[in-house]
Amino acid sequence: MTNGPVFVTRATLPPFEEYVDMIRPLWESAWITNMGDLHGRLIGELQGYLGVPRVSLFTNGHLALELGLQAFGITGEVITSPFTFASTTHAIVRNGLEPVFCDIRADDYTLDAAHLESLITPRTTAIVPVHVYGTPCDVVGIQEVADRHGLKVIYDAAHAFGVRLGGVGIGNFGDASMFSFHATKVFNTIEGGCLTFVNGDLEKDLYHLKNFGIVSEDVVAAVGSNAKMNEFQAAMGLCNLHYLAESRATRGALEARYRHHLSGVPGLSFLPERADVEGNHAYLPVAVDPRAFGATRDEVVAHLKAEGIHPRKYFYPIVSAFDCYSGRFDPAATPVALASSLRVMTLPLHPELSPDTVDVICGLVLRAGRRTS
Ligand SMILES: *Cc1c(COP(=O)(O)O)cnc(C)c1O
């Protein structure tokens, strides 16, 4: 039916020869990390692609966020979403900060700005919203609350590479945004990530923080980490950038095919399509309402897995229910996030996926509904 197992995503690789040509000069220079030539070139390309004034590269997205929070000198409590990948909350906690979970909107799973104000205390200093699945948050509503209370806004934009809102690059909102270039994301540097930001002062701080806080041979000014992007990563990024427009179009066509087969089916819901958003088609989350559909999300996932199709239960469990945070938070305090974590699955979506496989997957999803109804 399909050739081997189908996973939710697949790393995109450039033509082998193109990558080899890109890394060949490294054997001449032997400058393979610590802000080399390719590192510098990638910054320039990303400023253009993302439409942002400043980009700082990191060895992965998680450390970009963790060190971004450190660079801003965030203290006390940070309001964030529990409906996300572990990294978002871990970055807050690993900075010695207290995460405070805000509920999400039922239709697009992003932070519900209407709940923000009630969570603010004298110790609150920042908001870390997530453009989950690449959907832009309510950037205006969030900024209004932040401005009223003097809070920093640092977006987890790990999913939102290349997304534009009203024609503006998504990295221009808030004080900073973190993008992930992990192998599983729409754009990869094998592992990698960046922080985009508006305040130029941050540039030096980030540069030092990703290199142990070393300012000069004799001066170590901060307790930094090691989070530099190396030249082999930057080379992969420079190559992959050439194919982004093409892969984005392919993803968009596959998403349209899924929607054609499945939207309008009682009990299945897709993200809203928005005229003001230029999306990246990174993920295909579908919410399953068991009563209307005739099967639970978990039953649909099990049915697909038995046929070699591997969707993911992104994001289950929500972060506030993680074992490592046991006893610290009440998952029921964010009821929409909790309910979404039981209903949403992300279906396979990547440029290598064939339209025929999408048809097969949709057929299996529909059968899972009828099977148990
Ligand atoms: C992937 C991801 C991260 C972490 O990025 P890495 O590059 O893997 O370190 C953070 N937040 C979210 C929402 C992610 O999906």
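How much space lies in the second largest pocket? In this predicted model, about 380 Å³ of space lies in the second largest pocket, and of the 22 residues that line it, Glu255, Arg259, Pro272, Gly279 and His281 are the closest to its centre. When divided by class, the lining of the second largest pocket comprises 12 nonpolar, six polar and four charged residues.

The largest pocket holds about 480 Å³ of space, and 28 residues line it, of which Phe85, Ser180, His182, Thr184 and Lys185 are the closest to its centre. At least two residues of this lining are supplied by each of H4, H5, S9 and strand S17 (344-347). The class composition of the lining of the largest pocket is 12 nonpolar, 12 polar and four charged residues.

The space taken by the ligand is the largest pocket, and the elements that give two or more residues to the shell around the ligand are helix H4 (61-71), helix H5 (86-93) and strand S9 (176-180). These three elements, H4, H5 and S9, are also among those that each supply at least two residues of the lining of the largest pocket. Around the ligand there are 15 residues, of which His62, Asp156, His159, Ser180 and Lys185 come nearest; Ser180 and Lys185 are likewise among the lining residues closest to the centre of the largest pocket. By class, the shell around the ligand is made up of three nonpolar, 10 polar and two charged residues.

An N or O atom in the side chain of histidine 159 lies 2.7 Å from an oxygen atom of the ligand, while for lysine 185 the corresponding distance, from an N or O atom in the side chain to an oxygen atom of the ligand, is 3.2 Å. In the case of glycine 192, a polar backbone atom is found 3.4 Å from an oxygen atom of the ligand. Of the 380 Å² of accessible area that the ligand has on its own, the protein covers 92%.

Technical notes: Residues are numbered from 1 along each chain as its sequence is written. This is a predicted model: local features need pLDDT of at least 70, side-chain atom pairs count only at pLDDT 80 or more; totals for chains, interfaces and linings use all residues. Side-chain values use heavy atoms; hydrogens and water are left out. A residue is near a molecule or strand if one of its heavy atoms lies within 4 Å of it. A polar contact is a pair of N or O atoms within 3.5 Å; within protein, one must be able to donate a hydrogen and the other to accept it, and residues adjacent in sequence count only if both atoms are side-chain atoms. Accessible areas come from the Shrake-Rupley method with a 1.4 Å probe; for residues, only the protein chains shown count as cover. On a 1 Å grid over the protein atoms alone, a cavity is a set of points where a 1.4 Å probe fits but cannot get out, and a pocket is an open set with protein on both sides within 12 Å along at least five of seven lines; lining residues have an atom within 4 Å of a point. A molecule sits in a cavity or pocket if more than half of its atoms lie within 2 Å of its grid points. Helices (H or I, at least four residues) and strands (E, at least two) are DSSP runs, numbered from the N terminus. Ala, Val, Leu, Ile, Met, Phe, Trp, Tyr, Cys and Pro count as nonpolar, Asp, Glu, Lys and Arg as charged, and the others, Gly among them, as polar. Grid points are joined across faces, edges and corners, and a volume is the space filled by probe spheres set on the points.
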